[in-house]
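Here are a few notes to read with the model open beside you. Take them one at a time and find each residue as you go.

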Amino acid sequence: MYSTFIIGGLAGAQVAQMFESEFIYIALFALLGMAAMMAASFQAPLTALVAIVEMTHSSEVIVPALFVIVLSCLLTRVFFHQESVFTERLSYIGMVSSINPLQRYLRQHTVKPVAEDVLLISAQRPLERVKDLALSVVDYAAFEQSGKWYFVRRNSLLEALQTLDFDPQSWLVTDGEKVLMDLTKAVEPLPIQRIDEPASLEIILNWFQTTGLSEVLVSLSDNSLCLVTRQRLDQFLLKSE
């Protein structure tokens, strides 16, 4: 740190000499050079600004210091594509991780914080069992037919059931003495893909980005199913910020 102050101060004084300024301006240019060198070397603009204010005990230096600090940081990062001396040193010896903070955060969480419970039902369900859904607090139901998975909202099934009060419906199916609801005809189930439980939310996010889909059924380790949506994942990330 002290070497950056010395180099920056000498560079600032040299710039002041080029303009043939008086001594007071030479001191100011030296301070600004120290701030610029510290900010550029450590990529710590606020630290450099605080250091200059503490050395001068004056607020008058804040505006010119901000100008040179921002300019030096931008030149270092945008023009020269350099990080701080610490990061560059670690990169030189191969100790810098390419994982960004978002990836690290996602790897620390499983799908459970963003998972929604799902009822596993059959494609043809007895009417009595459909009526029992009114007592459930789970919003989604899923079923498999012909090797494909579908999911529906619980309220959609209850609304379809209420249409029986007006007319007989084409989705009624009889199986012996049982009267069943054919879910594929009673509502419009949405096709959905099913995957095994991933190790972290990072895998789920990559899956959404690769497939372009907005929801997926996840088979949990306890043989249950849950629904994970991109919207729920985005809300989780926004709350964590």
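Predicted model: local features only at pLDDT ≥ 70, side-chain atom pairs only at ≥ 80, totals over all residues.

1. Where does His57 sit? You'll find His57 in the loop between helix 3 (45–56) and helix 4 (62–79). Its relative accessibility is 72%, so His57 counts as exposed; the cut-off for that word is over 50%.

2. Now jump to Asn223, another residue other than glycine with a positive phi, this one near 70 degrees. Asn223 belongs to the loop between strand 9 (215–219) and strand 10 (225–229). Is Asn223 buried or exposed? With 74% relative accessibility, Asn223 counts as exposed.

3. Next up is Ile121, in the loop that links strand 1 (115–120) to strand 2 (124–126). Buried here means under 20%.

4. Which residues does Ile121 touch, once you leave out those up to four places away in sequence? Its contacts are Ala141, Ala142, Phe143, Leu157 and Leu183.

5. One distance to check yourself: pick the C-alpha atoms of Ile121 and Gln169. They lie 20 Å apart in space, while the two residues are 48 residues apart in sequence.

Notes:
Residues numbered from 1 in each chain as written. Heavy atoms only, no water. Helix = DSSP H or I, 4+ residues; strand = E, 2+ residues; numbered from the N terminus. Contact = heavy atoms within 4.5 Å. Buried < 20%, exposed > 50% of the residue type's maximum accessible area, 1.4 Å probe, protein only.
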